[in-house]
Amino acid sequence: MNETKATRSTNSNADVPWSHARAGQSEPYVDVWSRWGTRYRLRASLLLAINVLLFTGVASFSYWLRSGIVFAPFADGYFRALTNAVSLSKDSDTLLSLLVNPISVQQVPIQILVVGLLMSALIAIPILVSLLYRFWSAIPFIIVVGFVAVMPWLALTLLVSCIVASTRPFRFSFRFASALLGLVPAAVYLTIALSGGTERFRGQLEPVDSIKLIAPWVLAIVASAVASAIVLMLARIVNHRPGMIAPLLTMMFALPVAIFEFNVGRDELYYRLLEDHHRWAFTDWDASIDLDRAVAKRFWSQPLPKRSYEEIREIEEQGWQFALASDIAPRQSA
């Protein structure tokens with residue numbers, strides 16, 4: 001009889017947090033890893049891995065919107081792009097490029113929704129993971145932001161956000177308050193990065209254009225707060241079992257992709273990238289001044305008897321034309 005009671009007690013405690021079984025603790029802090037059992041831990045780990053994969057897709061999409069490259073680590077010049085992003089003078093350009101290059105929110109206002117929802121996923125998910133899975137579980141998501149989305153300073157900011165949201169003494173028993181506190185460093189970072197990035201446009205932007213640049217970041221913070229409220233409410237209903245983040249993350253990934261695909265399109269992105277490449281690689285160049293200098297130099301350096309200036313100019317022009325037509329000529333790259 002006693003053995004039967006002991007068995008029932010063990011089975012009933014297998015699905016409740018271990019801290020509930022401790023005497024003298026009224027309301028323990030419960031998270032996904034607060035339960036034991038091999039099957040339960042395996043399910044929690046599997047769902048966490050799925051979340052990391054989905055989040056990698058979100059980060060890849062954010063980099064694709066800036067460069068047209070699907071997966072940054074496999075691209076040529078990846079380390080150069082990462083180095084430029086680490087530079088304090090370049091990181092604001094990383095965020096600003098989501099707004100103005102290659103597709104500008106000023107010309108395509110629907111991009112405000114795309115960028116805002118995308119940034120809300122990048123910001124909210126690591127904070128939610130740190131709240132529901134503990135801080136160390138959010139580290140893979142922070143790494144993805146830094147090395148797949150190529151936003152290292154945002155990743156460092158999210159590291160601070162996750163620490164503030166999920167570790168003592170900052171952590172609240174009311175988790176939504178912790179989530180809002182974790183959003184504060186991200187909001188400060190977006191404000192500083194935006195103000196630094198838009199400094200170059202001072203005096204060139206109309207008030208409406210300035211609002212278009214601010215709107216995506218406001219939407220990102222508001223959407224992050226709403227997503228946090230939904231996930232934390234559902235997690236409380238199911239007693240903080242795993243599986244609450246994946247559905248919302250899927251929606252936060254699919255929604256900006258769908259809005260972009262049906263309202264902007266991949267062709268628009270590739271056209272803007274090609275247009276930008278054409279602007280820098282095929283700019284018109286007036287070579288008359290350099291040609292006159294080359295002709296004069298050759299005219300005065302020739303030995304006697306000298307050819308006429310017109311003959312020297314004709315010879316030099318033909319040489320330049322052949323140089324530009326050749327695949328191995330030094331003028332080809334210019």
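Q: In this predicted model, is the crossing of H2 and H6 left-handed or right-handed?
A: H2 crosses H6 in a right-handed way.

Q: Why is H2 called roughly parallel to H6?
A: The two helices, H2 and H6, pack at an angle of about 15 degrees. Angles under 35 degrees count as roughly parallel, and therefore H2 is called roughly parallel to H6. Their axes are 10 Å apart.

Q: Which residues of H2 and H6 meet?
A: From H2 come Leu48, Asn51, Val52, Phe55, Thr56 and Ala59. On the H6 side they meet Pro140, Phe141, Val144 and Val145.

Q: What makes phenylalanine 71 partly exposed?
A: Buried means under 20% relative accessible area and exposed means over 50%, with partly exposed in between. Phenylalanine 71 has 29% relative accessibility, so phenylalanine 71 counts as partly exposed.

Q: Where is phenylalanine 71, and which residues does phenylalanine 71 contact, leaving aside neighbours within four places in sequence?
A: Phenylalanine 71 sits in the loop between H2 and helix H3 (78-86). With those neighbours left aside, phenylalanine 71 is in contact with Thr56, Ser60 and Val148. Alanine 59 is 12 residues from phenylalanine 71 in sequence, and the two C-alpha atoms are 8.9 Å apart in space.

Q: How do you know that the span of H10 is close to the expected one?
A: Helix H10 (residues 245-263) has 19 residues. At 1.5 Å a residue, 27 Å is expected, and H10 reaches 27 Å from its first C-alpha to its last. Just after H10, glycine 265 takes a positive phi of about 100 degrees.

Q: Which residues of H10 are called buried?
A: They are Ile245, Ala246, Leu248, Leu249, Met252, Pro256, Ile259 and Phe260. The word buried applies because each has under 20% relative accessible area.

Q: How many residues does the largest nonpolar core have, and which have the most contacts inside it?
A: This core has 72 residues, and those with the most contacts inside it are Met119, Met151, Ile245 and Phe260. Several helices each supply at least two residues of this core, including H2, H5, H7 and H10. The largest share, 16 residues, comes from H5. A second, separate core of six residues includes Tyr63, Tyr78, Leu82 and Val150.

Q: At what angle do H5 and H7 pack, and how far apart are their axes?
A: H5 and H7 pack at an angle of about 35 degrees, with axes 9 Å apart. Their crossing is right-handed. Residues of H5 that meet H7 include Met119, Leu122 and Ile123.

How values were computed:
Residues are numbered from 1 along each chain as its sequence is written. This is a predicted model: local features need pLDDT of at least 70, side-chain atom pairs count only at pLDDT 80 or more; totals for chains, interfaces and linings use all residues. Side-chain values use heavy atoms; hydrogens and water are left out. The expected span of a helix is 1.5 Å times one less than its number of residues. Buried means under 20% relative accessible area, exposed over 50%, partly exposed in between (1.4 Å probe, protein chains only). A nonpolar core is a set of buried Ala, Val, Leu, Ile, Met, Phe, Trp, Tyr and Cys residues joined through side-chain atoms within 4.5 Å. Axes are lines fitted to C-alpha atoms, for helices over the stretch in contact, and angles run from 0 to 180 degrees between N-to-C directions. Angles under 35 degrees count as roughly parallel, over 145 as roughly antiparallel, 65 to 115 as roughly perpendicular and the rest as oblique. A crossing is left-handed if the near helix is turned anticlockwise from the far one by less than a right angle, and right-handed if clockwise. Contact means heavy atoms within 4.5 Å.
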